[in-house]
Amino acid sequence: MKVTNLNVKNVDIPVVFESSKSLAVASLKLIFKVAGACENKTAGLARLAANMLNEGTKSKGSITFARELETRAINLEVSAGYETLAIDINCLKEYFNFALDKLAELLAEPNLTKESLDKCKITTFGEISNLANDNDYVARCGLYELLYKGTNLAMPNIGTKESIEAISLNDIKEFLSSHMDLGNLFIVFGGDVNENDLWLLKDALNLLEVGKKRELEILTTSDKCEKKFITKQSEQAYVYFGAPFNVIQDERFKANVAMFILGESGFGSRIMEEIRVKRGLAYSAYARGVYNLSSTQVYGYLQTKNESKDEAMSVVLSEFDKFIKHGATKNELAQAKKFLLGSLPLRLETLFRRLGIAEGEFYQGKKLGSFMDELKKIEALSLKELNDFIATHDEISKLSFCVLYDGK
């Protein structure tokens with residue numbers, strides 16, 4: 001695994017690359033930074049724009065274009081998250097050149113028509129309607145409204161019925177032309193390929209504008225300890241909670257161990273032990289750290305009886321407070337190390353997993369291989385170092401809650 005460059009229009013585009021002969025496949029991912037929902041002028045714009053690119057080309061339409069890919073088992077998909085917009089291509093090596101031709105066709109004449117937009121909107125309306133009946137989704141959105149009030153992260157990536165209705169074809173065209181650019185692009189490339197194959201990308205990439213480097217807005221996670229209750233017909237209470245977790249990158253390995261012990265390790269975690277095993281309040285409960293470039297937080301969830309919601313919230317708060325005050329035990333640290341180090345072979349088992357890890361490392365600004373370095377740091381981590389770290393992060397106890405329940 002290494003980082004190389006592809007020069008297009010005098011722009012050096014970083015490429016995370018690994019050649020592997022284990023399978024005759026090719027994997028290519030184009031990632032445009034600061035091009036997701038963080039850049040939305042209207043909620044749902046980035047996602048709708050990405051969906052439009054999945055509608056094939058203007059001359060061939062979605063059906064013919066998709067059939068040309070499917071008959072060769074080529075997967076070409078565009079998606080938009082909060083921070084990035086990505087184009088994924090996965091195929092057999094023998095069809096890689098054909099897949100790149102299809103990519104060039106798509107970038108040259110995407111199916112940005114009113115008919116295509118109307119189709120994507122109808123599909124999105126259906127998804128929004130279905131999500132309105134998904135209690136987990138509704139409660140999760142409510143939590144993010146508390147934690148990131150007034151920001152794009154407080155709005156659902158999919159948008160709302162009203163926001164999607166307001167998006168015009170010109171909005172889509174403007175968003176794509178201003179965010180799919182060379183200046184904010186990096187590439188992840190691997191499989192039964194070599195570096196020279198990168199030059200095959202030039203025809204497609206020459207269709208993009210150079211653009212100007214964009215800066216990602218860093219969001220502050222709320223520490224106001226707010227509570228929001230959503231009344232909705234439900235046999236269970238859906239409890240979502242979150243708080244700031246201000247961890248510098250060099251100490252993320254400590255955060256990973258701490259959160260594994262507190263809420264990520266299933267039946268071995270503090271929260272699961274207290275919530276389910278001792279009190280029988282929920283079938284499942286977890287808490288984990290979320291470390292994005294734009295925001296970092298503790299995020300957790302449990303589902304319990306409607307009448308038990310207040311007790312469950314009280315237990316979560318108590319467990320966070322005890323964890324900060326007393327830290328982890330020697331046995332908990334040993335079990336965390338055993339799992340995190342023991343699962344290494346599975347995490348590196350396939351090319352796609354290795355590329356995924358390398359993509360995350362590069363995107364986060366780390367050197368390739370830092371994943372392995374962090375595991376070595378975990379192996380050497382002492383109980384005192386871990387507990388000193390936990391004690392200095394009392395911000396994780398400043399939890400906000402969003403609870404969906406039946407209102408009775």
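Which residues does E359 touch, not counting residues up to four places away in sequence? The answer is K29, I31, F186 and V188, where a contact means heavy atoms within 4.5 Å. The views below come from a predicted model, in which local features need pLDDT of at least 70, side-chain atom pairs count only at pLDDT 80 or more, and totals for chains, interfaces and linings use all residues. Residues are numbered from 1 along each chain as its sequence is written, and side-chain values use heavy atoms, with hydrogens and water left out.

View 1. Helix 14 covers residues 351-363; helices (H or I, at least four residues) and strands (E, at least two) are DSSP runs, numbered from the N terminus. Its 13 residues reach 18 Å from the first C-alpha to the last, close to the 18 Å expected at 1.5 Å a residue; the expected span is 1.5 Å times one less than the number of residues. The buried residues of helix 14 are L351, L355, A358, E359, E361 and Y363. Buried means under 20% relative accessible area, exposed over 50%, and partly exposed in between (1.4 Å probe, protein chains only). E359 has a relative accessible area of 19%, so this residue counts as buried. The buried residues of the helix pack against strand 2 (11-19), strand 3 (25-33), strand 5 (84-92), strand 6 (185-191) and helix 15 (370-380). G365, with a positive phi near 85°, follows helix 14.

View 2. Strand 1 (residues 2-8) and strand 2 run antiparallel and are joined by seven bridges; two strands pair if DSSP finds at least two bridges between them. K2 has F17 of strand 2 as its bridge partner. Two residues lie between the strands of this hairpin, and K9 in the turn has a positive phi of about 55°.

**View 3. I13 in strand 2.** I13 is located in strand 2. Its relative accessible area is 0%, and I13 is therefore buried. Not counting residues up to four places away in sequence, I13 touches T4, N5, L6, V8, L182, L185, F186, I187 and L205. One of these, I187, is 174 residues from I13 in sequence, yet the two C-alpha atoms are 7.4 Å apart in space.

**View 4. The nonpolar cores.** The largest nonpolar core has 88 residues, of which L85, I172, I187 and L205 touch the most other members. Such a core is a set of buried Ala, Val, Leu, Ile, Met, Phe, Trp, Tyr and Cys residues joined through side-chain atoms within 4.5 Å. I172 touches L45, L48, A49, M52, L112, L117 and I167, not counting residues up to four places away in sequence. Another core, of 47 residues, lies apart from the largest one and has A237, V315, V316 and F389 among its members.

**View 5. K309 in helix 11.** Helix 11 (residues 309-326) contains K309. K309 is a buried lysine, because its relative accessible area is 9%. Its contacts, not counting residues up to four places away in sequence, are F229, A237, T304, V403 and Y405. K309 and M1 are 308 residues apart in sequence, and their C-alpha atoms are 48 Å apart in space.

View 6. V34, a residue other than glycine, has a positive phi near 50°. V34 is found in the loop between strand 3 and helix 1 (45-53), and it counts as buried because its relative accessibility is 7%. A73 is not a glycine either, and has a positive phi of about 55°. A73 lies in the loop between helix 2 (61-70) and strand 4 (75-80); its relative accessible area is 55%, so A73 is exposed.

**View 7. Cysteines.** A search of the whole structure finds zero disulfides, a disulfide being a pair of cysteine sulfur atoms within 2.5 Å. For C225, the nearest cysteine sulfur is that of C402, 15 Å away. C225 is partly exposed, with a relative accessible area of 41%, whereas C91 counts as buried at 5% relative accessibility.

**View 8. The annotated domains.** UniProt, in an unreviewed entry, lists "domain: Peptidase M16 N-terminal" at residues 15-160. UniProt positions are given in the numbering used here, feature names are shortened, and annotations may be inferred rather than shown by experiment. Over residues 15-160 the chain is 43% helix and 20% strand, with the end C-alpha atoms 36 Å apart. The unreviewed entry in UniProt also places "domain: Peptidase M16 C-terminal" at residues 167-338. That span is 37% helix and 24% strand, and its end C-alpha atoms lie 50 Å apart.
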